[in-house]
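This report goes through selected features of the model shown below, from a sheet and a helix to the contact between domains.

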Amino acid sequence: MFFQHIFESSLAHSSYIIGCQAKGVALVIDPKRDVDSYLEIAQKNNLTITHIAETHIHADYLSGTLELAALTGAQPYLSDEGGEDWQYEFPHIGLKHGDQFQVGNLIFQVIHTPGHTPESISFILIDTPATMEPVMIFTGDFVFVGDIGRPDLLENAAGMIGTKEIGAHQMYRSLQHFLDLPDHIQVWPAHGAGSACGKALGAVPSSTVGYEKIRNWALQYQNNETAFVEELLSGQPEPPRYFAMMKKLNKIARPLQTAVPQYNKLTNETFLDLYHKGTTIIDTRHKFEFAKGYLPNSINIQNNKTFNTWAGWILNYTDPFILIVEESQLDDIPRKLMRIGLDHVAGYVTPDTIPHLGIPLEHQQLIGFEEMNSVLGKSDIQILDVRNAAEFSEGHLPHATHIFVGTIADNLNKIDRTKQLYLHCQSGDRATIAASILAKNGIKDVKIYSPSINEWKLKGGTLVQ
């Protein structure tokens, strides 16, 4: 058996290529959209990709199943569970609980594991040349290392009211079947630490059924379904806005992106024409470089491991946008954007273009501990905390107003424009995003506490709950 785990850190996403070397065939499970990595792995190992499988209709990224099928001719093996509202709307081989299929000498058994989503399935692998006992389970967003998939995304991200409690009870019942599996089976999930598909995912890429039985919090409620549901639904992070779009696009036939896109470099004249027409500008520079001087109305989303998450929060899927990006990042950033289906890139310019556009630059006001601490309790200031709700509840600056950065454009009415605004987050990154969104909406006199909350605590800063 050939096995390789592919981890994409920007989405904390795991996919897998499993092959039968005797027959020269392979299966890819839960592929990302930039599928060239799977083709390269298969070629290097003399394998032909003949099967593609998904554990469920994903919300956090755009699946590469259709791209991979178009390039290889491989058949998609997808869930037909969950009822009529949860059916894939493009040709595929449908799978239900108890089904099995073969990839060369490898057998994959299907179990229906609803909870995270109604159609969720997991795949149990039997490597027949070695043993007829199951050796691995690919759980998707059902069981993670140390956590389980959240059941609230359909309600909180896709607006399907009343589904999270149903999903939580389904998850409880699915876990009872997981508990019946042999302890030795390896667990390979679709996500690791950093994913918004759970609240406490472990950083270790895989586990075993036996380890999860003693370590995973969700498997300690075997006789208390009510307490399990309450704990599962509490403290989940805000689901990114783009999740609803992924749920829609991953069910249907859609335009394909079979190669990493190559963006058009804009002339100064073309850039200025689009800029003055109001095209959204995403500046991908480091936050400190952005703060020194940026184009009015541009939004700073640094190119780090959360770039696509914040792009998915902020950008509209129907509108074009322009990137300010270094040439050296023109493979990385297109991959990150295509993985969540943000394909309407009008072009790019490099940061060294900015001084030559003839546009007066704006600047962000960055402050440190002393100034931030000195204004606490003053009546003529407003402190804005743009972290998520769980972070805010754990401890925040006195009298702070909480508006999560992903929803700040929808909550401008909560900002008192008669007061000096002070802004902060956990480490400074989200505060820069939030300040650039505020500036685009006319709120420009903002002071940003750029150090981290940890530094605030180390220097004796006050936090309240």
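Predicted model: local features only at pLDDT ≥ 70, side-chain atom pairs only at ≥ 80, totals over all residues.

I282 lies opposite L323 of β15. Strands of a sheet pair through backbone hydrogen bonds, in either a parallel or an antiparallel arrangement.

## Strand β10 and its two partners

Strand β10 (residues 136-140) is mostly covered, with five of its five residues buried. In a regular strand, side chains alternate between the two faces of the sheet. In β10 both faces are covered: M136, F138 and G140 are buried on one side, and I137 and T139 are buried on the other.

The pairing of β10 with strand β9 (residues 121-127) is antiparallel and runs over three bridges. There, M136 of β10 is the bridge partner of L125. Strand β11 (residues 186-189) is joined to β10 by four bridges, and these two strands run parallel. G140 stands opposite P189 in β11.

## Helix α1: a buried and an exposed face

Helix α1 spans residues 36-44, and S37, Y38, I41 and A42 in this helix are buried. Viewed down the axis of α1, its buried residues fall within an arc of 130°, so they line one face of the helix. Exposed residues Q43 and K44 are carried on the face of α1 turned away from its buried side.

Several elements take part in covering the buried residues of α1. They include the strands β1 (2-8), β2 (13-20), β3 (25-29) and β4 (48-53), together with helix α2 (65-72). Just after α1, N46 adopts a positive phi of about 55°.

## V229 in helix α6

V229 belongs to helix α6 (residues 225-233). The relative accessibility of V229 is 9%, and the cut-off for a buried residue is under 20%, so V229 counts as buried.

Which residues does V229 touch, not counting those up to four places away in sequence? The contacts of V229 are with A168 and H169. The C-alpha atoms of V229 and E165 are separated by 7.4 Å, although these residues are 64 residues apart along the chain.

## Domains and the contact between domains 1 and 2

The protein is divided into domain 1 (2-251), domain 2 (268-356) and domain 3 (365-459). The contact between domain 1 and domain 2 takes 18 residues from domain 1 and 13 residues from domain 2. Taken over C-alpha atoms, the centres of domain 1 and domain 2 are 32 Å apart.

Between domain 1 and domain 2 an area of about 1400 Å² is buried, and carbon and sulfur atoms give 56% of that area. The count of salt bridges between domain 1 and domain 2 is five. A salt bridge is also formed by D343 and R33, whose closest N and O atoms are 3.0 Å apart.

Definitions and conventions:
Residues numbered from 1 in each chain as written. Heavy atoms only, no water. Pairing = 2+ DSSP bridges. Buried < 20%, exposed > 50% of the residue type's maximum accessible area, 1.4 Å probe, protein only. Arc of directions from axis to C-beta. Contact = heavy atoms within 4.5 Å. Domains from an automatic or database assignment. Buried area = accessible area lost by both parts, 1.4 Å probe. Salt bridge = Lys/Arg side-chain N within 4 Å of Asp/Glu carboxyl O.
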